[in-house]
Amino acid sequence: SIGLSSTGMRDRLPVEPGTPLIERLHLYTSYGWALVPLLPAYSEMEAGDRPGKSPFMDLLRDIYGDTRTDHLKKAPAFPEEIVYWFENDPDANLGVFPSASPGLVVVDIDELEILNPDLVTPTASSGRDGGGKHLYFECRDDIARQKFDWGDLNPEYAVLPGSVHETGLRYEWLPGLSPEEVPFMPFEDALTALGLVEEADE
């Protein structure tokens, strides 16, 4: 079964937009997802780092002794660990490893002018003003990462709502499309709308 209960989540009230990330941790840990700390939106960058998006290497080094993230995929962090991340740096962002989170598939659309699917049923979705969007689906199969001209299917990790972009804008669940308001659409039902299979001739 999927690693989270859409029905159970819809028993909760949706998070208010603007709610700090640290106040959302209990929700993300309850989903059973594999999470990773990301750099704050405002931080000194090293070569190759992306503010607000790259794994928070200094934090990982301080807590775990090295900067590898594989252990967070194989053995997702306990809620107490994740709270400790934010006790060390309250400005950290948070990401999810889709491929290491049972039942989860994320479609990361950077270029909405290329792909902005009209889904037959709504699914949990997030984004930010002036940016792309993340669509969250459920799937029992393992889906490999793939790159497209519009973005990524199952990126290595996806920035979660409540995190802050380098522009200062906060990633949020789209109106009416938080996991507390809509279920996760089965991924196989979205393949045609996503352009991953051709529509059958009638």
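Buried denotes under 20% relative accessible area, exposed over 50%, and partly exposed in between, with a 1.4 Å probe and protein chains only. Strands (E, at least two residues) and helices (H or I, at least four) are DSSP runs numbered from the N terminus.

E1 pairs with strand E2 (residues 93-96) in the antiparallel sense over 4 bridges; pairing requires that DSSP find at least two bridges between two strands. Leucine 35 has valine 96 of E2 as its bridge partner.

## Basis of the model

The model is predicted: local features need pLDDT of at least 70 and side-chain atom pairs count only at pLDDT 80 or more, whereas totals for chains, interfaces and linings use all residues. Residues are numbered from 1 along each chain as its sequence is written, and side-chain values use heavy atoms, with hydrogens and water left out.

## Threonine 69

The loop between helix H3 (57-64) and helix H4 (70-74) contains threonine 69. With a relative accessible area of 12%, threonine 69 is buried. Beyond its neighbours within four places in sequence, threonine 69 is in contact (heavy atoms within 4.5 Å) with Val36, Pro55, Leu60 and Phe97.

## Glutamate 172

Glutamate 172 belongs to strand E9 (residues 172-173) and is buried, its relative accessible area being 15%. Residues up to four places away in sequence aside, glutamate 172 touches Pro17, Gly18, Thr19, Arg24, Ser125, Ser126, Gly127 and Pro161.

The side chains of glutamate 172 and arginine 24 make a polar contact (2.9 Å). A polar contact is a pair of N or O atoms within 3.5 Å; within protein, one must be able to donate a hydrogen and the other to accept it, and residues adjacent in sequence count only if both atoms are side-chain atoms.

## Pockets

The largest pocket is lined by 21 residues, with Arg50, Lys53, Asp108, Asp110 and His134 nearest its centre. A pocket is an open set of points on a 1 Å grid over the protein atoms alone, where a 1.4 Å probe fits, with protein on both sides within 12 Å along at least five of seven lines; lining residues have an atom within 4 Å of a point. Strands E3 (104-109), E4 (125-127), E5 (133-138) and E8 (158-159) each supply at least two residues of the lining of the largest pocket.

The second largest pocket also has a lining of 21 residues, and Pro17, Glu172, Trp173, Leu174 and Pro175 are the closest to its centre.
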